[in-house]
Amino acid sequence: MKKGIKITIISLGAILILMFILPFAFKGKIESIVKTEGNKLLNAKFDFRSLDISLFKNFPKASVTLNDFWLKGTGQFENDTLINAGQVTAAVDLYSLFSDKGYDISRISIEKTLLHAIISPDGKVNWDIMKPDTVAAQTPEDEAEASPFRIKLQKFVIKDLDIIYDDRQGNMYTSIRKLNALCSGDLSDINTMLDIEAETEALTYKLDGIPFLYNANIYARMDVDADLANNRFTLKENEIRLNAIRTNIDGWIQFNDPAIDMDLKLNTNEIGFKEVLSLIPAIYSKEF
(Lines give C-alpha, C1' and ligand atoms only; values in the text may rest on other atoms or scores of the structure.)
Protein backbone atom coordinates (compact mmCIF):
# COMPACT_ATOMS: atom_id res chain seq x y z
CA MET A 1 0.00 0.00 0.00
CA LYS A 2 2.73 2.45 1.03
CA LYS A 3 4.83 1.38 -1.95
CA GLY A 4 1.95 2.11 -4.32
CA ILE A 5 1.43 5.57 -2.81
CA LYS A 6 5.15 6.26 -3.10
CA ILE A 7 5.20 5.25 -6.78
CA THR A 8 2.16 7.44 -7.46
CA ILE A 9 3.75 10.48 -5.79
CA ILE A 10 7.01 9.95 -7.69
CA SER A 11 5.12 9.60 -10.99
CA LEU A 12 3.11 12.77 -10.40
CA GLY A 13 6.28 14.60 -9.43
CA ALA A 14 8.01 13.47 -12.62
CA ILE A 15 5.03 14.61 -14.73
CA LEU A 16 5.01 18.04 -13.06
CA ILE A 17 8.76 18.42 -13.64
CA LEU A 18 8.31 17.51 -17.30
CA MET A 19 5.50 20.06 -17.61
CA PHE A 20 7.88 22.74 -16.36
CA ILE A 21 10.82 21.63 -18.52
CA LEU A 22 9.12 20.86 -21.87
CA PRO A 23 8.06 24.47 -22.63
CA PHE A 24 11.70 25.55 -22.63
CA ALA A 25 12.50 22.83 -25.18
CA PHE A 26 9.92 24.17 -27.66
CA LYS A 27 10.14 27.90 -26.94
CA GLY A 28 12.95 28.73 -29.37
CA LYS A 29 11.48 26.56 -32.12
CA ILE A 30 8.00 28.11 -31.92
CA GLU A 31 9.36 31.67 -31.63
CA SER A 32 11.37 31.13 -34.81
CA ILE A 33 8.36 29.69 -36.64
CA VAL A 34 6.09 32.60 -35.62
CA LYS A 35 8.53 35.17 -36.99
CA THR A 36 9.29 33.16 -40.14
CA GLU A 37 5.63 32.57 -40.98
CA GLY A 38 4.75 36.18 -40.19
CA ASN A 39 7.38 37.46 -42.61
CA LYS A 40 6.09 35.06 -45.29
CA LEU A 41 2.50 36.31 -45.00
CA LEU A 42 2.81 39.98 -44.05
CA ASN A 43 4.11 42.99 -45.88
CA ALA A 44 4.49 44.83 -42.58
CA LYS A 45 6.69 45.21 -39.52
CA PHE A 46 5.82 43.20 -36.40
CA ASP A 47 7.47 42.01 -33.24
CA PHE A 48 6.75 41.00 -29.64
CA ARG A 49 8.54 41.44 -26.33
CA SER A 50 8.49 37.78 -25.31
CA LEU A 51 6.95 34.38 -25.99
CA ASP A 52 5.78 32.12 -23.17
CA ILE A 53 4.68 28.49 -23.24
CA SER A 54 2.66 26.89 -20.44
CA LEU A 55 1.29 23.38 -20.05
CA PHE A 56 -0.90 24.39 -17.10
CA LYS A 57 -3.06 27.30 -18.31
CA ASN A 58 -5.21 25.33 -20.80
CA PHE A 59 -4.26 21.75 -19.90
CA PRO A 60 -4.34 19.32 -21.70
CA LYS A 61 -3.61 21.97 -24.35
CA ALA A 62 -0.33 23.88 -24.42
CA SER A 63 -0.69 27.67 -24.21
CA VAL A 64 1.55 29.82 -26.43
CA THR A 65 1.43 33.51 -25.47
CA LEU A 66 2.89 36.52 -27.28
CA ASN A 67 3.42 39.43 -24.88
CA ASP A 68 3.33 43.05 -26.08
CA PHE A 69 2.74 42.18 -29.73
CA TRP A 70 2.67 45.04 -32.23
CA LEU A 71 2.10 45.33 -35.96
CA LYS A 72 2.82 48.37 -38.15
CA GLY A 73 2.23 49.07 -41.81
CA THR A 74 4.74 50.24 -44.36
CA GLY A 75 5.16 53.28 -46.60
CA GLN A 76 2.99 56.18 -45.50
CA PHE A 77 1.74 54.09 -42.55
CA GLU A 78 5.13 53.00 -41.22
CA ASN A 79 4.72 55.19 -38.12
CA ASP A 80 1.11 54.12 -37.48
CA THR A 81 0.51 51.06 -35.29
CA LEU A 82 -2.27 48.88 -36.69
CA ILE A 83 -2.37 46.43 -33.75
CA ASN A 84 -0.91 46.69 -30.27
CA ALA A 85 -1.84 43.69 -28.13
CA GLY A 86 -0.95 43.12 -24.50
CA GLN A 87 -1.34 39.35 -24.85
CA VAL A 88 -2.20 37.00 -27.69
CA THR A 89 -2.64 33.41 -26.50
CA ALA A 90 -3.19 30.29 -28.60
CA ALA A 91 -4.14 26.88 -27.20
CA VAL A 92 -2.13 24.27 -29.12
CA ASP A 93 -2.76 20.53 -29.11
CA LEU A 94 -0.12 19.07 -26.79
CA TYR A 95 0.54 16.02 -28.96
CA SER A 96 1.15 18.17 -32.03
CA LEU A 97 4.17 19.68 -30.26
CA PHE A 98 5.87 16.31 -30.60
CA SER A 99 4.99 15.98 -34.28
CA ASP A 100 6.60 17.41 -37.40
CA LYS A 101 3.21 17.65 -39.16
CA GLY A 102 2.26 21.01 -37.65
CA TYR A 103 0.54 22.57 -34.67
CA ASP A 104 -3.24 22.34 -34.13
CA ILE A 105 -4.68 25.59 -32.70
CA SER A 106 -8.08 25.20 -31.03
CA ARG A 107 -8.44 28.46 -29.04
CA ILE A 108 -7.23 32.04 -29.48
CA SER A 109 -7.48 34.74 -26.81
CA ILE A 110 -6.64 38.44 -27.30
CA GLU A 111 -6.33 40.74 -24.28
CA LYS A 112 -5.78 44.49 -23.78
CA THR A 113 -5.53 45.31 -27.47
CA LEU A 114 -5.77 48.46 -29.59
CA LEU A 115 -6.78 48.11 -33.23
CA HIS A 116 -6.34 51.36 -35.20
CA ALA A 117 -7.70 51.24 -38.77
CA ILE A 118 -6.98 54.24 -41.02
CA ILE A 119 -8.16 55.31 -44.46
CA SER A 120 -5.95 58.11 -45.73
CA PRO A 121 -7.33 61.13 -47.66
CA ASP A 122 -6.16 59.48 -50.91
CA GLY A 123 -8.11 56.28 -50.12
CA LYS A 124 -5.23 54.02 -49.05
CA VAL A 125 -5.76 51.75 -46.02
CA ASN A 126 -3.27 50.73 -43.35
CA TRP A 127 -4.61 47.16 -43.05
CA ASP A 128 -3.60 46.15 -46.59
CA ILE A 129 -0.59 44.25 -45.25
CA MET A 130 -0.92 40.76 -46.73
CA LYS A 131 1.59 39.75 -49.36
CA PRO A 132 0.23 38.84 -52.84
CA ASP A 133 -1.60 35.52 -52.73
CA THR A 134 0.37 32.65 -54.21
CA VAL A 135 -2.05 29.89 -53.25
CA ALA A 136 -3.34 29.49 -56.80
CA ALA A 137 0.14 28.55 -57.97
CA GLN A 138 0.59 25.88 -55.30
CA THR A 139 -0.07 22.18 -55.61
CA PRO A 140 -2.19 20.41 -52.95
CA GLU A 141 1.04 19.01 -51.50
CA ASP A 142 2.50 22.52 -51.25
CA GLU A 143 -0.64 23.80 -49.53
CA ALA A 144 -0.49 21.02 -46.95
CA GLU A 145 3.06 22.02 -46.10
CA ALA A 146 2.61 25.78 -46.52
CA SER A 147 2.32 26.53 -42.80
CA PRO A 148 3.09 24.55 -39.65
CA PHE A 149 -0.02 26.00 -37.98
CA ARG A 150 -3.42 24.36 -38.57
CA ILE A 151 -6.38 26.41 -37.35
CA LYS A 152 -9.06 24.21 -35.78
CA LEU A 153 -10.72 26.87 -33.67
CA GLN A 154 -13.36 25.95 -31.12
CA LYS A 155 -13.27 29.26 -29.23
CA PHE A 156 -12.22 32.85 -29.89
CA VAL A 157 -12.02 35.23 -26.92
CA ILE A 158 -11.58 39.02 -26.89
CA LYS A 159 -10.97 40.94 -23.66
CA ASP A 160 -10.61 44.74 -23.40
CA LEU A 161 -10.34 45.51 -27.11
CA ASP A 162 -10.32 49.15 -28.21
CA ILE A 163 -11.03 49.87 -31.88
CA ILE A 164 -10.54 53.14 -33.75
CA TYR A 165 -11.80 53.44 -37.34
CA ASP A 166 -10.54 56.71 -38.80
CA ASP A 167 -11.81 57.35 -42.35
CA ARG A 168 -10.02 60.55 -43.30
CA GLN A 169 -11.34 60.38 -46.86
CA GLY A 170 -15.02 60.12 -45.89
CA ASN A 171 -14.57 62.27 -42.74
CA MET A 172 -16.00 59.46 -40.61
CA TYR A 173 -14.73 58.37 -37.19
CA THR A 174 -15.75 55.42 -35.00
CA SER A 175 -14.42 54.54 -31.57
CA ILE A 176 -15.23 51.33 -29.67
CA ARG A 177 -13.93 51.05 -26.12
CA LYS A 178 -13.56 47.96 -23.95
CA LEU A 179 -15.11 45.40 -26.26
CA ASN A 180 -15.42 41.95 -24.71
CA ALA A 181 -16.55 39.07 -26.91
CA LEU A 182 -16.75 35.29 -27.01
CA CYS A 183 -17.30 33.18 -30.12
CA SER A 184 -17.55 29.42 -29.76
CA GLY A 185 -18.21 26.75 -32.37
CA ASP A 186 -16.28 24.45 -34.68
CA LEU A 187 -14.67 27.01 -36.97
CA SER A 188 -12.71 24.28 -38.74
CA ASP A 189 -15.93 22.83 -40.20
CA ILE A 190 -17.55 24.26 -43.33
CA ASN A 191 -20.98 24.23 -41.64
CA THR A 192 -21.21 25.12 -37.97
CA MET A 193 -23.38 26.84 -35.39
CA LEU A 194 -21.64 29.80 -33.78
CA ASP A 195 -22.56 31.03 -30.31
CA ILE A 196 -21.57 34.71 -30.07
CA GLU A 197 -21.80 37.09 -27.13
CA ALA A 198 -20.29 40.59 -27.14
CA GLU A 199 -20.56 43.89 -25.29
CA THR A 200 -18.82 47.21 -25.68
CA GLU A 201 -18.70 49.79 -22.92
CA ALA A 202 -18.80 52.81 -25.21
CA LEU A 203 -19.29 53.33 -28.95
CA THR A 204 -18.90 56.76 -30.56
CA TYR A 205 -19.72 57.49 -34.19
CA LYS A 206 -19.03 60.83 -35.87
CA LEU A 207 -19.70 61.96 -39.42
CA ASP A 208 -18.33 65.31 -40.61
CA GLY A 209 -17.48 66.03 -36.98
CA ILE A 210 -21.09 65.55 -35.80
CA PRO A 211 -21.55 62.84 -33.11
CA PHE A 212 -24.55 60.62 -33.99
CA LEU A 213 -23.70 58.16 -31.20
CA TYR A 214 -21.66 59.08 -28.15
CA ASN A 215 -20.46 56.49 -25.61
CA ALA A 216 -23.36 54.17 -26.45
CA ASN A 217 -23.48 50.81 -24.67
CA ILE A 218 -24.09 47.87 -27.02
CA TYR A 219 -24.74 44.23 -26.12
CA ALA A 220 -25.38 41.31 -28.48
CA ARG A 221 -25.96 37.61 -28.02
CA MET A 222 -26.76 35.49 -31.04
CA ASP A 223 -26.70 32.02 -32.54
CA VAL A 224 -25.44 32.06 -36.11
CA ASP A 225 -25.78 29.20 -38.60
CA ALA A 226 -22.53 29.62 -40.53
CA ASP A 227 -22.02 28.21 -44.02
CA LEU A 228 -18.31 28.97 -44.26
CA ALA A 229 -17.97 27.39 -47.69
CA ASN A 230 -20.33 29.99 -49.19
CA ASN A 231 -19.71 32.79 -46.65
CA ARG A 232 -23.40 32.79 -45.74
CA PHE A 233 -24.51 33.47 -42.16
CA THR A 234 -28.10 32.94 -40.99
CA LEU A 235 -29.18 34.56 -37.73
CA LYS A 236 -31.06 32.28 -35.36
CA GLU A 237 -32.02 33.17 -31.79
CA ASN A 238 -30.51 36.54 -30.91
CA GLU A 239 -30.81 39.59 -28.70
CA ILE A 240 -29.34 43.04 -29.38
CA ARG A 241 -29.39 46.01 -27.02
CA LEU A 242 -28.39 49.58 -27.92
CA ASN A 243 -28.51 51.62 -24.70
CA ALA A 244 -32.14 51.17 -23.57
CA ILE A 245 -33.43 49.82 -26.91
CA ARG A 246 -33.80 46.03 -27.10
CA THR A 247 -34.33 44.26 -30.41
CA ASN A 248 -33.49 41.18 -32.48
CA ILE A 249 -32.80 40.50 -36.15
CA ASP A 250 -34.09 37.77 -38.47
CA GLY A 251 -32.50 36.93 -41.78
CA TRP A 252 -29.16 36.19 -43.38
CA ILE A 253 -25.99 37.83 -44.74
CA GLN A 254 -23.78 36.50 -47.54
CA PHE A 255 -20.38 37.90 -48.47
CA ASN A 256 -19.78 37.80 -52.23
CA ASP A 257 -16.55 39.75 -52.61
CA PRO A 258 -16.76 42.65 -53.22
CA ALA A 259 -20.56 42.74 -52.76
CA ILE A 260 -22.62 41.81 -49.71
CA ASP A 261 -26.11 40.27 -50.09
CA MET A 262 -28.54 40.31 -47.20
CA ASP A 263 -32.16 39.87 -46.21
CA LEU A 264 -32.66 41.17 -42.69
CA LYS A 265 -35.68 42.16 -40.61
CA LEU A 266 -35.43 44.18 -37.40
CA ASN A 267 -37.92 43.23 -34.67
CA THR A 268 -38.71 45.08 -31.44
CA ASN A 269 -41.60 45.19 -29.00
CA GLU A 270 -40.80 48.17 -26.81
CA ILE A 271 -39.53 51.50 -28.11
CA GLY A 272 -40.87 54.59 -26.39
CA PHE A 273 -39.63 58.15 -26.15
CA LYS A 274 -37.44 57.23 -23.16
CA GLU A 275 -35.67 54.51 -25.16
CA VAL A 276 -35.14 56.76 -28.18
CA LEU A 277 -33.86 59.53 -25.89
CA SER A 278 -31.19 57.17 -24.54
CA LEU A 279 -29.50 57.27 -27.96
CA ILE A 280 -29.24 61.05 -28.15
CA PRO A 281 -25.72 62.27 -27.29
CA ALA A 282 -25.56 64.21 -24.03
CA ILE A 283 -24.27 67.30 -25.84
CA TYR A 284 -27.77 67.71 -27.36
CA SER A 285 -29.70 67.17 -24.10
CA LYS A 286 -30.17 70.90 -23.42
CA GLU A 287 -32.08 71.33 -26.68
CA PHE A 288 -34.41 68.50 -25.64
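How much accessible surface does the protein have, and what share of it belongs to carbon and sulfur atoms? The accessible surface comes to about 18000 Å², and 58% of that belongs to carbon and sulfur atoms. Keep in mind during the tour that this is a predicted model.

**Whole chain**

Start with everything shown as a cartoon. The protein has 3 helices and 12 strands. Colour by burial next: of the 288 residues, 33% count as buried. Now think about contacts between residues at least 6 apart in sequence: 52% of these join residues at least 24 apart.

Select E9, residues 210-227, and E10, residues 232-242. E9 and E10 pair in the antiparallel sense, over 9 bridges. They form a hairpin with 4 residues between them. Click on Asn231 in that turn: its phi is positive, about 55°.

Val224 stands opposite Leu235 in E10. Leu235 in turn stands opposite Gly251 in E11.

**Rings on E10 and E11**

Show the side chains of Phe233 and Phe255. They form an edge-to-face aromatic pair, 6.0 Å centre to centre with 75° between the planes. Phe233 lies in strand E10 and Phe255 in strand E11, so the pair ties together parts 22 residues apart in sequence. Phe255 is partly exposed, at a relative accessible area of 40%.

Then select Arg232 and Trp252. The charged end of Arg232 sits over the ring of Trp252, 3.9 Å from the ring centre.

**Salt bridges**

Switch to charged side chains. Side chains of opposite charge can pair when their charged atoms come close. The count of salt bridges here is 8.

Pick Asp195 and Arg221. Their side chains meet in a salt bridge at 3.9 Å, N to O. Asp195 lies in strand E8 (residues 191-207) and Arg221 in strand E9, so this pair ties together parts 26 residues apart in sequence. Asp195 is partly exposed, at 36% relative accessibility. Arg221 also counts as partly exposed, at 21%.

Stay on Arg221. It forms a salt bridge with Asp223 too, with the closest N and O atoms 3.5 Å apart. Asp195, Arg221, Asp223 and Glu237 are linked in a network of salt bridges.

Move to Arg241 and Glu199. These two form a salt bridge, and their closest N and O atoms are 3.5 Å apart. The pair links distant parts of the chain: Arg241 is in E10 and Glu199 in E8, 42 residues apart. Is Arg241 buried or exposed? Arg241 counts as buried, at 15% relative accessibility.

A search of the whole structure finds 3 aromatic pairs. Select Phe46 and Phe69, one of them. Their ring centres are 6.1 Å apart and their planes are at 45°, so this pair is tilted. Phe46 is in strand E1 (residues 45-47) and Phe69 in strand E3 (residues 61-72), 23 residues apart. Phe46 counts as buried at 14% relative accessibility. Phe69 is buried as well, at 13%.

Next, show Trp70 and Lys72. The charged end of Lys72 sits over the ring of Trp70, 5.5 Å from its centre.

**Backbone stops and a buried serine**

Most residues other than glycine have a negative phi. Go to Lys112, in strand E5 (residues 103-119). Lys112 is not a glycine, yet its phi is positive, about 50°. Lys112 is exposed, with a relative accessible area of 60%.

Asn171 comes next, in the loop between strand E6 (149-167) and strand E7 (172-184). Its phi is near 55°, again a positive value in a residue other than glycine. Asn171 is partly exposed, at a relative accessible area of 43%.

Finish on Ser175, in strand E7. Ser175 is buried, with a relative accessible area of 14%. Which residues does Ser175 contact, leaving aside its neighbours within four places in sequence? Select Ile163, Ala202, Leu203 and Thr204: Ser175 is in contact with these.

Methods: Residues are numbered from 1 along each chain as its sequence is written. This is a predicted model: local features need pLDDT of at least 70, side-chain atom pairs count only at pLDDT 80 or more; totals for chains, interfaces and linings use all residues. Side-chain values use heavy atoms; hydrogens and water are left out. Helices (H or I, at least four residues) and strands (E, at least two) are DSSP runs, numbered from the N terminus. Buried means under 20% relative accessible area, exposed over 50%, partly exposed in between (1.4 Å probe, protein chains only). Contact means heavy atoms within 4.5 Å. A salt bridge is a side-chain nitrogen of Lys or Arg within 4 Å of a carboxyl oxygen of Asp or Glu. Accessible areas come from the Shrake-Rupley method with a 1.4 Å probe; for residues, only the protein chains shown count as cover. Two strands pair if DSSP finds at least two bridges between them. Rings of Phe, Tyr and Trp (its six-membered ring) pair if their centres lie within 6.5 Å; planes under 30 degrees apart count as stacked, over 60 as edge-to-face and the rest as tilted. A charge sits over a ring if NZ of Lys or CZ of Arg is within 6 Å of the ring centre and within 35 degrees of the ring normal.
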